[in-house]
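Dear colleague,

I am passing on the structure we spoke about, and you will find it directly below. My notes on what was found in it come after that, and I would be glad if you read them beside the model.

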Amino acid sequence: MSSKSAPGPWDRAPWDMLRARSGFRLEDLDRASTPGWDEGKNRAADRLEDLGEEMSGLQERLYAHGRTNGHRRVLLVLQGLDTAGKGGIARHVIGLVDPQGVALRSFGRPTEEELAHHYLWRIRNALPPGGRIGVFDRSHYEDVLVVRVEGLVPEATWQARYAEINAFEAEVAASGTRIIKCALMVSHEEQGARLLERLDRPEKHWKYSPGDLPTRLRWDDYQEAYQAVFDRTSTDVAPWYVIPADHKWYVRLAVAELLTRTLREMDLAWPAADFDVAAERAKLLATMTADHRSIESEDEDNGARRRRNG
Ligand code: ATP
């Protein structure tokens with residue numbers, strides 16, 4: 001891929017660099033690396049700010065599309081082991097856009113009611129409405145990750161789920177959804193350091209759960225389960241992006257790039273008015289005093305410019 005297709009200060013486009021393609025090997029991923037980005041942390045913060053502005057504008061179009069009964073939507077799936085930074089994405093990337101346009105869902109251990117249904121039941125119910133950016137903090141992938149590693153269902157059951165998940169995602173994509181799946185991959189050492197910090201700082205105790213350690217002890221099994229996810233569920237309509245997560249700023253930047261690109265590609269137009277704009281304008285002017293009306297007509301050029309820019 002030539003550097004020409006790289007956005008802004010990237011050496012290479014993150015969507016090319018990070019995509020899990022056939023033959024991808026998780027064990028070769030350097031989790032402290034920042035693929036495609038040699039500009040360091042400060043420039044990443046500048047770039048994130050710029051992306052935030054662009055994203056907000058694009059998201060407003062998407063929201064307007066939804067408010068006028070449009071069905072297109074975005075689904076961002078976030079996966080990663082404890083401390084990988086999923087929460088930081090919600091705060092620092094999704095937080096850059098209007099919360100009205102976001103539908104965020106976290107998936108923990110299934111409730112009794114959820115367990116009584118098919119594992120995709122709670123996922124379907126959480127799909128965002130048209131015009132929204134849905135964010136899944138964990139997802140149906142837990143049903144082939146923790147469930148596989150902990151042996152919560154027989155092997156034949158979880159083995160069948162990869163194909164089932166692909167079919168489900170194809171259906172969701174066909175209904176007008178752009179799906180972006182991001183796996184935040186932190187190194188074993190960095191995870192240890194982050195967990196230790198949670199124990200050593202009282203204001204972070206709430207983030208620690210004694211259940212995090214047994215999961216950490218199954219590290220290799222989880223890596224194997226993640227590898228299978230990338231091998232079997234990275235599809236054209238719902239690709240996986242595997243993001244080295246030892247640098248939190250890199251993860252945020254990379255996810256923001258992926259999301260902004262997706263919104264850009266959706267190429268949404270402002271919805272057309274379903275009323276007669278000129279007639280409404282004339283009726284409105286009739287409610288205004290002559291002074292204000294004349295200001296309005298003198299200012300017509302500015303108004304037109306405002307409307308174009310808005
Ligand atoms: P996080 O670790 O994501 O910050 P948390 O520690 O607050 O969240 P919860 O969000 O309550 O915990 O739940 C996360 C836990 O739920 C994880 O250990 C995850 O593996 C588990 N979990 C999620 N989905 C399932 C599932 N389908 N089956 C079993 N366990 C699941």
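The protein is divided into two parts, domain 1 covering 14-266 and domain 2 covering 277-308, and the C-alpha centres of domain 1 and domain 2 are 47 Å apart. Please keep in mind while reading that this is a predicted model.

Turning to the ligand, the space that the ligand takes is the largest pocket. There are 13 residues around the ligand, and those that come nearest are Asp-82, Arg-109, Arg-138, Glu-142 and Asp-143.

Glu-142, one of the residues that come nearest, has an N or O atom in its side chain 3.0 Å from an oxygen atom of the ligand, while for Arg-109 a polar backbone atom is found 3.1 Å from an oxygen atom of the ligand. In the case of Arg-122, a polar side-chain atom lies 3.2 Å from a nitrogen atom of the ligand. As for how far the ligand is covered, taken alone the ligand exposes 630 Å², of which the protein buries 66%.

With best regards

Definitions and conventions. Residues are numbered from 1 along each chain as its sequence is written. This is a predicted model: local features need pLDDT of at least 70, side-chain atom pairs count only at pLDDT 80 or more; totals for chains, interfaces and linings use all residues. Side-chain values use heavy atoms; hydrogens and water are left out. A residue is near a molecule or strand if one of its heavy atoms lies within 4 Å of it. A polar contact is a pair of N or O atoms within 3.5 Å; within protein, one must be able to donate a hydrogen and the other to accept it, and residues adjacent in sequence count only if both atoms are side-chain atoms. Accessible areas come from the Shrake-Rupley method with a 1.4 Å probe; for residues, only the protein chains shown count as cover. On a 1 Å grid over the protein atoms alone, a cavity is a set of points where a 1.4 Å probe fits but cannot get out, and a pocket is an open set with protein on both sides within 12 Å along at least five of seven lines; lining residues have an atom within 4 Å of a point. A molecule sits in a cavity or pocket if more than half of its atoms lie within 2 Å of its grid points. Domain bounds come from an automatic or database domain assignment.
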